[in-house]
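Reader: Could you walk me through this chain, from its overall build down to single residues? I would be glad of the cut-offs along the way.

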Amino acid sequence: QVQLVESGGGLAQPGGSLNLSCAASGSTFTVNVMGWFRQAPGKGREMVATMKYNKPVNYTDSVKGRFTISRGNAEHTVWLQMNDLRPEDTAVYYCSAQARAGEILIYECWGQGTQVTVSS
């Protein structure tokens with residue numbers, strides 16, 4: 001079983017920055033995709049950034065040029081550097097870890113979420 005713990009959320013001013021981290025533990029050896037999703041109040045869950053190992057990263061259009069996803073050398077830790085934050089970035093951010101074969105999802109695990117609030 002894979003366990004994910006997010007941290008780094010909090011309150012930021014518009015134009016500010018936050019750096020989210022996600023630490024994966026447990027049976028992580030089959031994980032080959034990690035990413036970040038977010039869910040704002042009253043809205044559906046949105047993909048923010050995903051990183052399939054040995055593949056280019058994917059970003060949703062609204063964060064391109066502002067957010068950067070990265071991973072550690074061990075490939076079981078991911079960060080989300082969030083720059084030039086906007087109020088519409090306010091959401092609970094969730095880390096995901098997936099095992100995929102090609103484009104087929106084998107399993108997916110989620111962290112507990114970390115709140116990001118952007119407000120002046």
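Author: Happy to, and a word on the ground rules comes before your questions. This is a predicted model, where local features need pLDDT of at least 70 and side-chain atom pairs count only at pLDDT 80 or more, while totals for chains, interfaces and linings use all residues. Residues are numbered from 1 along each chain as its sequence is written, and side-chain values use heavy atoms, with hydrogens and water left out.

Reader: How many helices and strands does the secondary structure of the chain come to?

Author: Helices (H or I, at least four residues) and strands (E, at least two) are DSSP runs, numbered from the N terminus. Read from the N terminus, the elements run β-β-β-β-β-β-β-β-β-β-β. The tally is zero helices and 11 strands.

Reader: What radius of gyration does the chain have, and what would a compact globule have?

Author: The radius is taken over C-alpha atoms, and the globule rule is 2.2 Å times the number of residues to the power 0.38. Along its principal axes, the C-alpha trace spans about 40 × 30 × 25 Å. For 120 residues the rule gives a value near 14 Å, and the chain agrees with it at 14 Å.

Reader: What percentage of the 120 residues count as buried?

Author: Buried means under 20% relative accessible area, exposed over 50%, and partly exposed in between (1.4 Å probe, protein chains only). By that scale, the buried share of the 120 residues is 40%.

Reader: Which residues touch the most other members of the largest nonpolar core?

Author: Such a core is a set of buried Ala, Val, Leu, Ile, Met, Phe, Trp, Tyr and Cys residues joined through side-chain atoms within 4.5 Å. The largest one holds 29 residues, and the elements that give two or more residues to it include β1 (2-7), β3 (18-26), β4 and β11 (114-118). Trp-36, for one, is placed in strand β4 and is buried, with a relative accessible area of 0%. The residues that touch the most other members are Leu-4, Met-34, Trp-36, Leu-80 and Tyr-93.

Reader: Why does the pair of Phe-37 and Trp-110 count as edge-to-face?

Author: Rings of Phe, Tyr and Trp (its six-membered ring) pair if their centres lie within 6.5 Å; planes under 30 degrees apart count as stacked, over 60 as edge-to-face and the rest as tilted. By this rule there is one aromatic pair. The ring centres of Phe-37 and Trp-110 are 4.9 Å apart and their planes stand at 70°, so the pair is edge-to-face.

Reader: How many residues apart in sequence are the parts that this pair ties together?

Author: Phe-37 counts as buried at 13% relative accessibility, whereas Trp-110 counts as partly exposed at 28%. Phe-37 belongs to strand β4 (residues 33-39) and Trp-110 to strand β10 (residues 104-110), so the parts joined by the pair are apart in sequence by 73 residues.

Reader: Which residue lies over the face of Trp-110?

Author: A charge sits over a ring if NZ of Lys or CZ of Arg is within 6 Å of the ring centre and within 35 degrees of the ring normal. At 3.9 Å from the ring centre of Trp-110, the residue over its face is Arg-45.

Reader: Is Val-116 buried or exposed?

Author: Val-116 lies in strand β11. Its contacts (heavy atoms within 4.5 Å) beyond four places in sequence include Leu-18, Leu-20, Met-82 and Tyr-93. At 0% relative accessibility, Val-116 counts as buried.

Reader: Where is Gln-13 found, and is this residue buried or exposed?

Author: Gln-13 touches Leu-85, Val-118 and Ser-119, leaving out residues up to four places away in sequence. From Gln-13 to Trp-79 the C-alpha distance is 20 Å. Gln-13 is found in the loop between β2 (10-12) and β3, and at 60% relative accessibility Gln-13 counts as exposed.

Reader: What is phi of Asp-84 near?

Author: Most residues other than glycine have a negative phi. Asp-84 sits in the loop between β8 and β9 and counts as partly exposed at 40% relative accessibility. Its phi is positive, near 50°.
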